[in-house]
Amino acid sequence: MSDHAPRRRRPRQPPTPTQRALGLLTRREHSRRELTRKLTARGVEADEALATVAKLTDAGWQDDARFAESLVRSRAGSGYGPRHIRAELGTHGLGGDAVEAAMASFEGDWTELARDLVRRRYGDAGPTDLAQRRKAADLLARRGFDGDSIRTATRFDPDDAES
């Protein structure tokens, strides 16, 4: 038998709104709108959620510009085009200037990204007939690429892949 009395655990306090928000932000970037929505969904009053997010924004923990740039990199890396990404940024409550700044931060080439997507799907030779070109064009359109990128990516010469 032990000489020590059993330790009593203090009841765990529920996390504060700030702790909840920081928990979300340590996993990934969030927009102001998204973070506020997630806090209210977890039972935080709307006014308190707004105040918490404002406090974290002022402290540099939440930044819509950083969020937007992160989303652009992530979606482009997943094979999405500029139209899709712009639309998604708009759903996060970002203004036109913030969306354009984030899109301008993308250092890749949208046409090359579209070509890579087509190459992964159809091999280095690309789509070989009209039906495959149409399917490839439909894929790129669904992914949010513009007409010029689609035309270039679906009608490329295999010799271009080497340059």
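Student: Among the contacts in the protein chain with a separation of 6 or more, what share comes from residues 24 or more positions apart?

Tutor: In this predicted model, residues 24 or more positions apart account for 58% of those contacts, counted among pairs with a separation of 6 or more.

Student: Which elements make up the protein chain, helices or strands?

Tutor: The protein chain has 9 helices and 0 strands, and its pattern along the sequence reads α-α-α-α-α-α-α-α-α. Its radius of gyration is 23 Å, well over the 15 Å that the globule rule gives for 163 residues, so the chain is more spread out than a compact globule. The C-alpha atoms fill a box of roughly 80 × 50 × 25 Å along the principal axes.

Student: How should I read the nonpolar core, and which residues of the largest one touch the most other members?

Tutor: As a general idea, nonpolar side chains tend to be buried together in soluble globular proteins. Here the largest nonpolar core has 24 residues, and V72, I85, L89, M103, W110, L140 and F145 touch the most other members. At least two residues of this core come from each of α4 (64-77), α5 (82-91), α6 (96-104), α7 (110-122), α8 (130-142) and α9 (147-154). Another core, of 9 residues, lies apart from it and includes A21, L24, L25 and L56.

Student: Leaving aside neighbours within four places in sequence, which residues is L89 in contact with?

Tutor: With those neighbours set aside, L89 is in contact with A68, L71, V72, L94, V99, A102 and M103.

Student: Where does the charged end of R143 sit?

Tutor: The charged end of R143 sits over the ring of Y80, 4.4 Å from the centre of that ring.

Key
Residues are numbered from 1 along each chain as its sequence is written. This is a predicted model: local features need pLDDT of at least 70, side-chain atom pairs count only at pLDDT 80 or more; totals for chains, interfaces and linings use all residues. Side-chain values use heavy atoms; hydrogens and water are left out. A charge sits over a ring if NZ of Lys or CZ of Arg is within 6 Å of the ring centre and within 35 degrees of the ring normal. Helices (H or I, at least four residues) and strands (E, at least two) are DSSP runs, numbered from the N terminus. The radius of gyration is taken over C-alpha atoms; the globule rule is 2.2 Å times the number of residues to the power 0.38. Contact means heavy atoms within 4.5 Å. A nonpolar core is a set of buried Ala, Val, Leu, Ile, Met, Phe, Trp, Tyr and Cys residues joined through side-chain atoms within 4.5 Å. Buried means under 20% relative accessible area, exposed over 50%, partly exposed in between (1.4 Å probe, protein chains only).
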